[in-house]
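Work through these exercises with the model open beside you. Try each task before reading its solution.

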Amino acid sequence: MATQTSGMRSLGALVKARVTAVTRFISTTGSHHRKRAALIEQHRLHFDLLCKAMDDPALAAVLDTYEADIPLDKQRQYLFANALYVNALFFHRIGAVTLAELHGHLRVMCQNPVFREYWEATRHHRKSLPDTSEEFALGRMMDDLVQELAESDSDEWWVVGDPPDKPS
């Protein structure tokens with residue numbers, strides 16, 4: 001009888017441990033899905049706001065935080081460049097592209113002179129980012145790409161800049 005009671009306790013402990021593990025997994029998975037859904041919604045809202053600002057000069061003026069006077073058409077181009085950059089970051093954040101793939105997408109963006117102007121015009125925006133943040137690291141990666149492309153003697157821009165080593 002004592003052996004059966006001990007076995008029942010062991011079985012009960014095992015069942016309890018498994019239920020706890022499954023509950024923890026479901027909670028973590030649910031939390032991950034909620035975080036991803038919030039990120040998707042935030043990205044959609046950001047894009048909607050940028051589109052409104054591109055369509056309406058009065059709204060674009062709200063986002064004019066450049067250190068120099070920028071003509072309205074150029075501001076609209078900068079807003080679009082921002083939308084492209086944020087979209088690439090978003091795809092990386094949700095796991096749709098690796099860090100190396102993001103590097104490749106950013107290298108392509110750097111080929112455009114308007115995008116490079118936007119990047120330079122917004123340099124002061126990135127100064128407030130904590131140097132431990134992912135956005136700071138990705139901005140630094142972009143800065144390095146812009147610099148390496150500017151200093152390159154090669155016409156083969158697609159080989160300029162070393163993709164990040166660490167997988168993402």
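The exercises below go from model confidence to helix packing and then to a salt bridge.

**Exercise 1. Confidence**

Task: Find which elements of the protein have the lowest and the highest mean pLDDT.

Solution: 
- Start with the whole chain. This is a predicted model. The protein averages a pLDDT of 82, and 78% of the residues score at least 70.
- Go element by element. Helix 1 (residues 2-55) has the lowest mean pLDDT, 74. Helix 5 (residues 113-121) has the highest, 94.
- Keep a caution in mind. Where pLDDT is low, the predicted coordinates should not be read in detail.

**Exercise 2. Helix 4 against helix 6**

Task: Classify the packing of helix 4 and helix 6, then list the residues in contact.

Solution: 
- Get the geometry. The axes of helix 4 (residues 99-109) and helix 6 (residues 134-151) come within 10 Å. They cross at roughly 45°.
- Classify. Angles under 35 degrees count as roughly parallel, and 65 to 115 as roughly perpendicular. Helix 4 and helix 6 are therefore oblique to each other.
- Assign the hand. Helix 4 passes helix 6 in a right-handed crossing.
- List the contact. Helix 4 supplies Leu99, Leu102, His103, Leu106 and Arg107. Helix 6 supplies Leu138, Met141, Met142, Leu145 and Leu149.
- Sort by class. This contact of helix 4 with helix 6 has eight nonpolar residues, one polar and one charged.

**Exercise 3. Helix 3 against helix 6**

Task: Repeat the analysis for helix 3 and helix 6.

Solution: 
- Helix 3 (residues 72-93) packs on helix 6 at an angle of about 125°, with the axes 12 Å apart.
- Helix 3 and helix 6 are therefore oblique to each other. Their crossing is right-handed.
- Tyr85, Leu89, His92 and Arg93 of helix 3 make the contact with Glu134, Glu135, Leu138, Gly139 and Met142 of helix 6.
- By class, this gives four nonpolar, two polar and three charged residues.

**Exercise 4. Helix 3 against helix 5**

Task: Describe how helix 3 and helix 5 are oriented.

Solution: 
- The two axes come within 9 Å and cross at roughly 90°.
- Helix 3 and helix 5 are therefore roughly perpendicular.
- Lys74, Gln77, Tyr78, Ala81, Asn82 and Tyr85 in helix 3 meet Val114, Phe115, Glu117, Tyr118, Trp119 and Ala121 in helix 5.
- The classes are eight nonpolar, two polar and two charged.

**Exercise 5. A salt bridge**

Task: Locate the partner of glutamate 41 in a salt bridge.

Solution: 
- Search the whole structure. There are seven salt bridges.
- Pick out glutamate 41. Its partner is arginine 44, with the closest N and O atoms 3.0 Å apart.

Notes. Residues numbered from 1 in each chain as written. Predicted model: local features only at pLDDT ≥ 70, side-chain atom pairs only at ≥ 80, totals over all residues. Heavy atoms only, no water. pLDDT = per-residue confidence, 0-100. Helix = DSSP H or I, 4+ residues; strand = E, 2+ residues; numbered from the N terminus. Axes fitted to C-alpha atoms, helices over the stretch in contact; angles between N-to-C directions. Parallel < 35°, antiparallel > 145°, perpendicular 65-115°, else oblique. Left-handed = near helix turned anticlockwise from the far one by under 90°. Contact = heavy atoms within 4.5 Å. Nonpolar A, V, L, I, M, F, W, Y, C, P; charged D, E, K, R; others polar. Salt bridge = Lys/Arg side-chain N within 4 Å of Asp/Glu carboxyl O.
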